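Biologist: I am new to this structure and would like a close look at a single part. Please take me through the sheet and what surrounds it.

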Amino acid sequence: LFKWVGPIVDNNWVFLKRGNSKIVLKKLDDAKKYRVGGYRGDAVALYLESKGFRIDYVPKDYLNSRKLDRGRIDLWATGQLLGPIMLERTASRT
């Protein structure tokens, strides 16, 4: 009954870090030594886990913005469009 016509938006996966973080990543594997936040059932978290990353899971992605803000994770694996919006909303609530 339905036909796929194409993507609506490109939303690349990224790591977000705190503004004062000294973390520098030159390749994906460089992030393996850090505490990476993801949420249960998310494609990016599942992909990273399949590549040997240890993911600090939460039930909802917005919780990662709080964990990153409070220093409970070093990096947040998320989409480049949604992550910054969630961080902005977190900052406005504090």
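Biologist: To begin inside the sheet, which residue is the bridge partner of Gly38 in strand 3?

Modeller: This is a predicted model. The bridge partner of Gly38 in strand 3 is Tyr57. The two strands concerned are strand 2, residues 36–39, and strand 3; they run parallel and are joined by 4 bridges.

They belong to an open sheet of 4 strands, ordered 1-4-2-3, in which the pairing is mixed. From one strand to the next, the twist averages 35 degrees.

Helix 2, residues 62–69, lies across strand 1, strand 2, strand 3 and strand 4, and runs at about 125 degrees to strand 3.

Asp56 sits in strand 3 and Lys67 in helix 2, 11 residues apart, and the pair links distant parts of the chain. Lys67 has a relative accessible area of 5%, so Lys67 is buried, the limit for that term being under 20%. Asp56, with a relative accessible area of 30%, is partly exposed.

Asp74 pairs with Arg35, and their closest N and O atoms are 2.9 Å apart. Asp74 is in the loop between helix 2 and strand 4, while Arg35 is in the loop between strand 1 and strand 2, so this pair ties together parts that are 39 residues apart in sequence. Both residues are partly exposed: Asp74 has a relative accessible area of 22%, and Arg35 has 40%.

The whole structure contains 4 salt bridges. Among them is the pair of Lys27 and Asp30, with 3.0 Å between the closest N and O atoms. Lys27 is exposed, at a relative accessible area of 55%, whereas Asp30 is buried, at 19%.

Technical notes. Residues are numbered from 1 along each chain as its sequence is written. This is a predicted model: local features need pLDDT of at least 70, side-chain atom pairs count only at pLDDT 80 or more; totals for chains, interfaces and linings use all residues. Side-chain values use heavy atoms; hydrogens and water are left out. Two strands pair if DSSP finds at least two bridges between them. Axes are lines fitted to C-alpha atoms, for helices over the stretch in contact, and angles run from 0 to 180 degrees between N-to-C directions. Contact means heavy atoms within 4.5 Å. A salt bridge is a side-chain nitrogen of Lys or Arg within 4 Å of a carboxyl oxygen of Asp or Glu. Buried means under 20% relative accessible area, exposed over 50%, partly exposed in between (1.4 Å probe, protein chains only).
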